[in-house]
Amino acid sequence: MQYIACMQTWQSQCTTPKSARFQRLARLLLVSVTDVTMASKISALVIGGSIGGLSAAHALLRAGCRVTVLERAPAVSGNSLGAGLGLEESVCDLLRSWTSKADFDKNSLPLHTEVNRVIENRQANVLTHDSSYRHRSTHWSNIHHTLLHALPDQSIIHFHHTVTDFHQAEGSNQVRVTAEVGEQKELKTFEGELLVAADGSMSQVRAKFRPQDKRRYSGYIAWRGVMQVRENPEVAAAVRKAYAGMGDTLYFDLAKGTHSVLYELPEERLNWLWYVNQPQPELQGSSVTLKATEDRIQHMHREADQIWPPELAQLMQATKSPFINAIFDREPLDQFVWGRVALLGEAAHPTTPHGLRSTNMAISDAGKLGAAISQHGGDLQAALQEYQQERLPQTAKEVLFSRWLGQMKQGLQNPDDPFPWPHADKTMLHQLQQSNMQSFDASKHAFATTNTESTVFPNTSASRIC
């Protein structure tokens with residue numbers, strides 16, 4: 001165990017480009033030595049090769065497991081997939097331990113401050129300022145590629161493998177998974193002692209155990225976009241002047257019945273979101289992403305000119321290819337584990353984005369699962385029970401806090417007063433801050449009903465966009 005600790009220290013201290021090959025060697029030796037040393041040597045199958053699935057792979061490898069990841073995508077796209085992320089300190093530490101401090105830090109920026117502002121007549125006034133936020137900003141694709149390339153063996157992940165079924169026989173210590181492989185959809189079977197379902201918010205594994213469980217539409221959609229500074233330096237300069245903390249500050253602008261988010265990403269990219277109340281849009285399949293037509297984009301641009309400070313509106317208008325997410329979550333579960341099958345990330349607890357929790361929760365799940373297996377050695381059932389007992393209450397709190405915060409900021413909790421911020425007292429303003437998450441008690445707060453048929457959409461600044 002002392003040798004393993006030395007290897008971990010050596011790997012984390014390999015911080016220069018010249019030491020890249022030593023980082024990889026350290027990871028290979030560390031996983032190999034851990035596998036021999038730990039009592040478990042559990043064979044684990046992971047469904048899903050997104051950030052949650054790759055995080056699970058790293059955590060399980062560190063716990064001494066043999067890992068196979070099954071990902072339905074044919075390959076990793078070279079495009080700039082996804083959008084911005086804000087990662088908390090404990091999650092940053094996990095990512096540094098699985099990759100390297102140099103790799104992680106060069107792909108993220110400090111996000112030390114949270115600011116909430118009220119917008120009236122396109123003018124901003126600060127409501128709250130929390131300089132103890134202590135997150136880091138990054139882009140989804142940066143973290144995904146870093147996790148992927150940090151795997152000690154790229155053959156761990158099997159692309160173009162779409163899982164179609166799984167089975168765990170009563171009394172058996174094996175889970176059997178069937179996948180369709182490639183364009184020909186040839187069936188292939190995999191077996192493992194543990195199945196980790198990191199297959200997203202529409203998880204087929206979760207559906208098998210909870211077939212009646214449905215996702216819950218929040219009552220609003222989000223426009224999202226990322227603009228490279230080099231694409232429009234004048235707009236970027238104006239934004240940085242108007243939002244003086246850009247580079248280490250997370251901004252929330254609250255207008256009547258709507259709000260926006262703004263922060264900077266590595267490689268000089270400005271990331272923004274704009275939440276708009278509306279009935280549930282028509283979706284294709286299980287995707288929550290809608291392609292924005294040119295008419296929709298132009299309508300959004302006109303609306304931005306009526307609501308947001310000129311600099312933010314100009315950023316939205318200058319961003320290439322903004323896209324739309326319909327915002328959903330699900331009711332918290334009372335169970336993450338069934339026998340040798342464990343849910344992780346969005347498969348376990350789909351959430352709205354307002355607490356910046358989705359990716360944070362997935363990586364935290366993976367870290368806890370790996371730690372529990374390490375602690376319990378070959379006793380997989382004890383490890384899974386510990387994972388479930390710790391993560392169930394924590395993730396339920398985070399899902400409900402994010403739901404409540406989104407409803408507050410969108411003016412859905414009280415349609416008669418959807419814009420309380422200009423006259424809000426200190427107690428109400430304090431509730432806007434992300435730091436309230438850990439003390440949040442859902443039983444003491446009212447939640448709005450936001451299904452398509454019954455939601456009351458208040459008179460807000462933003463009109464329906466899609």
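**Figure 1. Glu267 in the loop between β15 and β16.** Glu267 sits in the loop that links β15 (258-265) and β16 (269-277). The model is predicted. Glu267 is not a glycine, yet its phi is positive, at about 65°. Most residues other than glycine have a negative phi. The residue counts as exposed because its relative accessibility is 52%, where the cut-off is over 50%.

**Figure 2. His160 in the loop between β8 and β9.** His160 also has a positive phi, near 60°, and is a residue other than glycine. The loop that holds His160 runs between β8 (157-158) and β9 (161-167).

Figure 3. Val175 belongs to strand β10, which spans residues 175-181. Its relative accessible area is 1%, so Val175 is buried. Leaving out residues up to four places away in sequence, Val175 touches Leu45, His167, Gln168, Phe190, Glu191, Gly192, Leu195, Arg340 and Val341.

**Figure 4. Packing of helix α3 against helix α11.** Helix α3 covers residues 51-62, and helix α11 covers residues 358-376. Their axes lie 8 Å apart, at an angle of about 20°. The two helices are therefore roughly parallel to each other. Their crossing is right-handed. On the α3 side, the contact is made by Ile51, Gly52, Ser55, Ala56, Ala59, Leu60 and Arg62. On the α11 side, the residues are Thr359, Ala362, Ile363, Ala366, Gly367, Leu369, Gly370, Ile373 and Ser374. By class, the contact of α3 with α11 holds 9 nonpolar, 6 polar and 1 charged residues.

**Figure 5. Packing of helix α11 against helix α12.** Helix α12 spans residues 380-409. The axes of α11 and α12 come within 8 Å and cross at roughly 155°. The angle makes α11 roughly antiparallel to α12. This crossing is right-handed. From α11, the contact takes in Met361, Ser364, Asp365, Lys368, Leu369, Ala372, Ile373, Gln375 and His376. From α12 come Leu380, Ala382, Ala383, Leu384, Glu386, Tyr387, Glu390, Arg391, Thr395, Glu398 and Val399. The contact of α11 with α12 divides into 10 nonpolar, 4 polar and 6 charged residues.

**Figure 6. The largest nonpolar core.** This core has 60 residues. Leu60, Val67, Leu95, Leu194 and Ile373 touch the most other members. Helix α3 supplies the largest share of the core, 7 residues. A second, separate core has 34 residues, including Ile221, Ala236, Val276 and Phe328.

**Figure 7. Contacts of Leu194.** Leu194 is among the core residues that touch the most other members. Neighbours within four places in sequence are set aside here. Leu194 is then in contact with Ile42, Ser43, Ala44, Leu45, Leu60, Arg340, Ile373, Leu380 and Leu384. Leu60 of α3 and Ile373 of α11 also take part in the contact of those two helices. Leu380 and Leu384 belong to the α12 side of the contact with α11.

**Figure 8. The chain as the setting for these views.** The chain has 466 residues, and buried residues make up 55% of them. Its secondary structure comprises 13 helices and 20 strands. Among contacts with a separation of 6 or more, 73% join residues 24 or more positions apart.

Conventions. Residues are numbered from 1 along each chain as its sequence is written. This is a predicted model: local features need pLDDT of at least 70, side-chain atom pairs count only at pLDDT 80 or more; totals for chains, interfaces and linings use all residues. Side-chain values use heavy atoms; hydrogens and water are left out. Axes are lines fitted to C-alpha atoms, for helices over the stretch in contact, and angles run from 0 to 180 degrees between N-to-C directions. Helices (H or I, at least four residues) and strands (E, at least two) are DSSP runs, numbered from the N terminus. Angles under 35 degrees count as roughly parallel, over 145 as roughly antiparallel, 65 to 115 as roughly perpendicular and the rest as oblique. A crossing is left-handed if the near helix is turned anticlockwise from the far one by less than a right angle, and right-handed if clockwise. Contact means heavy atoms within 4.5 Å. Ala, Val, Leu, Ile, Met, Phe, Trp, Tyr, Cys and Pro count as nonpolar, Asp, Glu, Lys and Arg as charged, and the others, Gly among them, as polar. A nonpolar core is a set of buried Ala, Val, Leu, Ile, Met, Phe, Trp, Tyr and Cys residues joined through side-chain atoms within 4.5 Å. Buried means under 20% relative accessible area, exposed over 50%, partly exposed in between (1.4 Å probe, protein chains only).
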